[in-house]
Amino acid sequence: MKIICLFSVIGLLTLGACNGTGPGQGKSYNLPAACDLVPVVNLQDILRESVKNPTPANAGVGEVSACTYTLPAHSLEEYLGIYVLPPRTPRDAAQLQALADEWKERNTGADYELVGDAKYPMAWFPGEHKAYPSTFIILFKEASLVITGVGLEDSKSIAFQAMVAHEWQ
């Protein structure tokens, strides 16, 4: 009887360990929280404006964490969003295109362009006021980042500052 109970407990633990195998689930990623990716003072330096209220947001499909920041100089609908996603195969155009296609659905089917070089694949959605925010995607070896609501050059600066701070490649 004790053996049957032992096998039942082991079976339940095994089933519990197998639960949640979607992206960002079932795996432990040692990634910083999106709100801790770049200090607010550094974001203010990059954007040359006030950045306030870092607020953890519910991570959506595939995200490990998300954070939104208010930009007081902008309208209430506009904000900076930073999303940390699990790493994908770095320097892989197909992986970048797959992630950009996922965000294309979120951005009402908007088109994007590939930017950057082979070392750091990047995609850019220019944004459309009141339709979808500008969206920047970059793949690093240790994480994938999506930055929304600010210009391309500012998004790149945020991403590369995170890369340096967290020693990503």
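What you see is a predicted model, where local features need pLDDT of at least 70 and side-chain atom pairs count only at pLDDT 80 or more, while totals for chains, interfaces and linings use all residues. Residues are numbered from 1 along each chain as its sequence is written, and side-chain values use heavy atoms, with hydrogens and water left out.

**The overall layout**

- The protein has four helices and seven strands; helices (H or I, at least four residues) and strands (E, at least two) are DSSP runs, numbered from the N terminus.
- Read from the N terminus, the order of elements is α-α-β-β-β-α-β-β-β-β-α.
- Of the 169 residues, 37% are buried (buried means under 20% relative accessible area, exposed over 50%, partly exposed in between, using a 1.4 Å probe and protein chains only).
- Take the contacts (heavy atoms within 4.5 Å) with a separation of 6 or more: 47% of them join residues 24 or more positions apart.

**The nonpolar cores**

- A nonpolar core is a set of buried Ala, Val, Leu, Ile, Met, Phe, Trp, Tyr and Cys residues joined through side-chain atoms within 4.5 Å.
- The largest one here holds 32 residues, and L80, L145, I158 and W168 touch the most other members.
- Two or more residues each come from α2 (40-47), β2 (65-70), β3 (79-85), β5 (121-125), β6 (135-139), β7 (144-148) and α4 (152-165).
- The top contributor is α4, which gives five residues to this core.
- Another core, of 15 residues, lies apart from the largest one, and its members include L96, L99, F125 and Y132.
- As a general point, nonpolar side chains in soluble globular proteins tend to be buried together.
- Setting aside neighbours within four places in sequence, W168 is in contact with L31, P32, L37, F140, E142, A143, L145, A162 and M163.

**Helix α4 and its partner α2**

- The buried residues of α4 are L152, D154, S155, I158, A159, A162 and M163, and they pack against α2, β3, β4 (113-116), β5, β6 and β7.
- The length checks out too: at 1.5 Å a residue, the 14 residues of α4 should span 20 Å, and its end C-alpha atoms are 20 Å apart (the expected span is 1.5 Å times one less than the number of residues).
- Where α2 and α4 meet, N42, L43, I46 and L47 in α2 touch D154, S157, I158 and Q161 in α4.

**M122, a strand residue**

- You'll find M122 in strand β5, and it counts as buried because its relative accessible area is 5%.
- Leaving out residues up to four places away in sequence, M122 touches L96, E113, L114, V115, G116, F136, I137, I138, K156 and F160.
- M122 and F136 are 14 residues apart along the chain, and their C-alpha atoms are separated by 7.2 Å.

**Positive phi angles**

- N53, in strand β1 (residues 52-57), is not a glycine but has a positive phi of about 50°; at 48% relative accessibility, N53 is partly exposed.
- T108, in the loop between α3 (93-106) and β4, also isn't a glycine and has a positive phi of about 50°; T108 is exposed, since its relative accessible area is 59%.
- Just after α4, E167 takes a positive phi of about 55°.
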